[in-house]
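Please report on the spaces inside this protein, one of its helices and its salt bridges.

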Amino acid sequence: MADHKDQDWHTRLSHAGRNGPRVGGFVNPAVHRGSTVLYPTMVERTAGMKHRLDQKLLYGVMGTPTHYPLEDVIAEIEGGTRCQIVCSGLAAVTTPLLAYLKTGDHLLLPDSVYGPARNFANTLLRQMGVATTFYDPMIGGEALSALFRPNTTVLYLESPGSHTFEVQDVPALAAVAHAHGAKVLMDNTWGIHFFQPFKHGVDVSIQALTKYVVGHSDVLLGSVTTNSAEDWERVRLTSLSLGQYASPDDCWLALRGVRTMAVRLDRQEASGLTVARWFTERPEVARVLHPALPSCPGHEFWQRDFTGACSLFGIVLQPQYSQAAAGVLAENLTLFGIGASWGGYESLVLPASGFLTRTAGTGDFGGQTVRFHIGLEEPADLIADLERGLAAMREVAG
Ligand SMILES: Cc1ncc(COP(=O)(O)O)c(C=O)c1O
């Protein structure tokens with residue numbers, strides 16, 4: 001297959017994971033459902049089982065011809081070498097954590113981390129005897145270095161952070177971790193391809209494919225991508241030990257999604273910025289937390305390290321608007337669904353302050369935070385809807 005690495009990412013998303021346009025047959029792979037793989041002889045079966053790290057047909061849980069093209073596309077998007085597909089974005093968070101942590105180890109998690117990742121650290125990892133320190137996502141290298149203990153084996157990053165969008169200084173923080181002999185794991189779901197994790201010191205990159213890759217809010221899927229043989233072996237064997245598996249039907253839908261992701265993201269990036277900029281002019285809004293705008297914590301790192309933005313961002317309401325008022329705003333929108341997740345074709349709103357857990361003293365922006373996901377609708381229609389919602393909110397706030 002030709003090397004597409006120098007081509008534009010629209011081109012690469014059309015061709016990655018395929019064998020080229022002249023191989024014959026249908027454009028897309030079939031959905032291969034299967035558990036048993038049959039071998040002609042015992043010799044071949046015994047030899048086959050030595051290839052658990054490779055894209056071979058060994059047993060359903062180890063992958064099928066529907067999984068492998070998706071693995072290849074995601075590895076290409078992230079600039080890594082190998083990718084493991086797992087059943088959800090959350091499984092993509094927990095699987096590499098289990099790969100690199102053992103009883104007695106210490107983990108560093110950003111205070112802005114996706115809530116269920118925090119929960120995993122506070123429940124199962126704690127039960128396993130792994131201690132976690134939650135750190136300020138905007139921490140500098142020197143202060144981070146002071147948090148390392150002799151048993152710290154993993155620095156976890158999520159940039160930008162869930163709900164509050166702090167963009168982290170990934171290269172500086174990764175360098176500190178490596179100096180302490182720790183691995184750097186990062187949730188790169190927001191960055192997709194706009195942030196190239198392996199060029200910035202990350203060892204293992206996590207994505208919830210559920211978001212823009214799937215793109216239609218109808219499938220849960222995750223990926224864990226590595227860039228060295230050693231990390232691949234660790235992640236792959238842990239995933240196999242855990243019995244991680246993703247349905248081939250879901251992989252097929254994700255592959256279908258990925259082929260149109262670049263054009264969806266072109267529009268969603270532009271629409272997200274249009275709506276975010278409109279919010280900066282609104283008197284009800286104290287601050288817009290969009291990594292591409294200077295009002296976002298860590299905007300300078302976004303400018304330095306990212307090539308674009310997805311369409312998920314937050315706003316901070318002026319202090320006179322309560323949690324209930326933020327709820328009134330959400331409930332009076334007719335084009336925005338109230339709900340978790342993001343990356344689909346439809347817009348979403350989620351007032352966040354009521355359920356955010358922060359324990360490192362970060363995340364208080366002096367007002368209610370509300371998260372928006374901008375879909376494929378016309379931004380002028382979304383803005384008209386938001387005007388109506390803000391008017392209803394002003395009314396209840398008096
Ligand atoms: C940043 C981030 N990581 C991981 C996940 C988990 O993805 P999933 O919903 O597929 O489990 C989410 C889900 O919202 C997320 O926002």
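Domain bounds here come from an automatic or database domain assignment. The lining of the largest pocket takes at least three residues from each of domain 1 (2-256) and domain 2 (260-397). This is a predicted model, where local features need pLDDT of at least 70, side-chain atom pairs count only at pLDDT 80 or more, and totals for chains, interfaces and linings use all residues. Residues are numbered from 1 along each chain as its sequence is written, and side-chain values use heavy atoms, with hydrogens and water left out.

**Pockets and cavity**

Spaces are found on a 1 Å grid over the protein atoms alone. A cavity is a set of points where a 1.4 Å probe fits but cannot get out. A pocket is an open set with protein on both sides within 12 Å along at least five of seven lines. Lining residues have an atom within 4 Å of a point. Points are joined across faces, edges and corners, and a volume is the space filled by probe spheres set on them.

Residue classes are simple: Ala, Val, Leu, Ile, Met, Phe, Trp, Tyr, Cys and Pro are nonpolar, Asp, Glu, Lys and Arg are charged, and the others, Gly among them, are polar.

| Space | Volume | Lining by class |
|---|---|---|
| Largest pocket | about 560 Å³ | 17 nonpolar, 12 polar, seven charged |
| Second largest pocket | about 360 Å³ | seven nonpolar, six polar, six charged |
| Largest cavity | about 60 Å³ | five nonpolar, four polar, two charged |

The largest pocket has 36 lining residues, and Tyr114, Gly115, Pro116, Ser162 and Arg371 lie nearest its centre. Helices (H or I, at least four residues) and strands (E, at least two) are DSSP runs, numbered from the N terminus. Helix 4, helix 5 (115-128) and strand 6 (204-208) each give at least two residues to the lining of the largest pocket.

About 360 Å³ of space lies in the second largest pocket. Its lining has 19 residues, with Arg12, Ile77, Gly79, Gln196 and Lys199 closest to the centre.

The structure holds one cavity of 30 Å³ or more. Among the residues lining the largest cavity are Val61, His67, Glu71 and Arg236. Helix 3 (67-78) and strand 1 (82-86) are the elements that give two or more residues to that lining.

**Helix 4**

Which residues of helix 4 are buried (under 20% relative accessible area; exposed is over 50%, partly exposed in between; 1.4 Å probe, protein chains only)? They are Gly89, Ala91, Ala92, Val93, Thr94, Thr95, Pro96, Leu97, Ala99 and Tyr100. That is 10 of its 12 residues, so helix 4 is mostly covered.

**Salt bridges**

Side chains of opposite charge can pair when their charged atoms come close. A salt bridge is a side-chain nitrogen of Lys or Arg within 4 Å of a carboxyl oxygen of Asp or Glu. The whole structure has 15 of them.

Glu166 pairs with Arg358, their closest N and O atoms being 2.9 Å apart. The two sit in loops, 192 residues apart. Both Glu166 and Arg358 are buried. They also belong to a network of salt bridges with Asp111 and Arg118.

Arg304 and Asp169 meet at 2.6 Å, N to O. Arg304 lies in helix 10 (residues 299-305), 135 residues from Asp169. Arg304 is partly exposed at 46%, whereas Asp169 is buried at 18%.
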